[in-house]
Amino acid sequence: MIGELSHVTLLVEDLDEALAYYTDVLGFVKRDDVDMGEMGRWLTVSPGEQELPQFSLMEPETDEQRERVGAQVPGYVAFVLGTDDCRAEYERLTEAGVEFGGEPEDNPWGVEAQFTDRYGNVFDLVEPHEMDEEAMAALTEGADPTAD
């Protein structure tokens, strides 16, 4: 049986620049930084004190991979990050230069704000709370049930 997600690959333009951004700006923790010789560098970070999953930061090796930097999931949120205070984290990250798509909003599932990392990946920052079923029903009322 599969028990957990351990790593997610994130293509970045430069490993040192990415390490500084994810640790100094976003507040992630460096987990591994190993020179593997000809196989490259194994560099991982993770949010806060959370050990897993980790983001495995990788530099592209091919033109096709270079085209995917910042667009691994074009048009969609690539990653969802949890926080216990979305508004405070929004303020901290905004002061650090992170670009948000708008201010935090109250939703039936929690307080939420989206930001784009320095490479173009879209992250969703969510302060979850118990689902407000009435608010969810009102939000989805009139939505096209055939739309996926």
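Tutor: Start with one residue. Val34 is partly exposed, at a relative accessible area of 38%. Partly exposed sits between buried (under 20% relative accessible area) and exposed (over 50%), with a 1.4 Å probe and protein chains only. This is a predicted model, where local features need pLDDT of at least 70, side-chain atom pairs count only at pLDDT 80 or more, and totals for chains, interfaces and linings use all residues. Residues are numbered from 1 along each chain as its sequence is written, and side-chain values use heavy atoms, leaving out hydrogens and water.

Student: Where is Val34 found?

Tutor: Val34 belongs to strand 2, residues 29–35. Strands (E, at least two residues) and helices (H or I, at least four) are DSSP runs, numbered from the N terminus.

Student: Which residues form a nonpolar patch on the surface with Val34?

Tutor: Met36 and Met39. Together the three have about 290 Å² of accessible area. Patch members have over 30% relative accessible area and no salt bridge; like charges are joined within 9 Å, nonpolar side chains (Val, Leu, Ile, Met, Phe, Trp, Tyr) within 5 Å. Areas come from the Shrake-Rupley method with a 1.4 Å probe; for residues, only the protein chains shown count as cover.

Student: Now confidence. What is the mean pLDDT of the protein chain?

Tutor: The score is the predictor's confidence in each residue, from 0 to 100. Here the mean is 92, and 95% of the residues reach 70 or more.

Student: Where is confidence lowest, and where is it highest?

Tutor: Helix 4 (residues 133–140) is lowest, with a mean of 83. Helix 3 is highest, at 98.

Student: How many helices and strands does the protein chain have?

Tutor: Four helices and nine strands. From the N terminus, the order is β-α-β-β-β-α-β-α-β-β-β-β-α. The C-alpha trace spans about 55 × 35 × 35 Å along its principal axes. Of the 148 residues, 31% are buried.

Student: How do I read a helix face?

Tutor: An α-helix has 3.6 residues a turn, so residues three or four places apart point the same way. Take helix 3, residues 86–95: its buried residues are Cys86, Tyr90 and Leu93. Seen down the helix axis, they fall within an arc of 75°, so they line one face of helix 3. The arc is taken over the directions from the helix axis to the C-beta atoms.

Student: What do the buried residues of helix 3 pack against?

Tutor: Helix 1 (15–25), strand 6 (99–100), strand 8 (110–116) and strand 9 (122–128). Contact means heavy atoms within 4.5 Å. After helix 3 comes Gly97, with a positive phi near 100°.

Student: On to charges. How many salt bridges does the structure hold?

Tutor: Side chains of opposite charge can pair when their charged atoms come close. The cut-off is a side-chain nitrogen of Lys or Arg within 4 Å of a carboxyl oxygen of Asp or Glu. The structure holds eight. One of them joins Glu51 and Arg31, at 3.4 Å from N to O. This pair links distant parts of the chain, 20 residues apart: Glu51 is in the loop between strand 3 (41–46) and strand 4 (54–58), Arg31 in strand 2. Glu51 is partly exposed, at 44% relative accessibility. Arg31 is also partly exposed, at 23%.

Student: Which residue forms a salt bridge with Arg87?

Tutor: Asp106, with the closest N and O atoms 3.1 Å apart. Asp106 lies in strand 7 (residues 105–107) and Arg87 in helix 3, so the pair ties together parts 19 residues apart in sequence. Asp106 counts as exposed, at 57% relative accessibility, whereas Arg87 is partly exposed, at 36%.

Student: Which residues are linked in a network of salt bridges?

Tutor: Asp16, Lys30, Asp33 and Arg41. Within it, Asp33 pairs with Arg41, their closest N and O atoms 2.7 Å apart. Asp33 is partly exposed, with a relative accessible area of 34%. Arg41 is partly exposed too, at 25%.

Student: Now the backbone. Which residues does a cis peptide bond join?

Tutor: Leu52 and Pro53, with omega about -5°. Pro53 sits in the loop between strand 3 and strand 4.

Student: How do I read contacts across the whole chain?

Tutor: Look at sequence separation. Among contacts between residues at least 6 apart in sequence, 52% join residues at least 24 apart.
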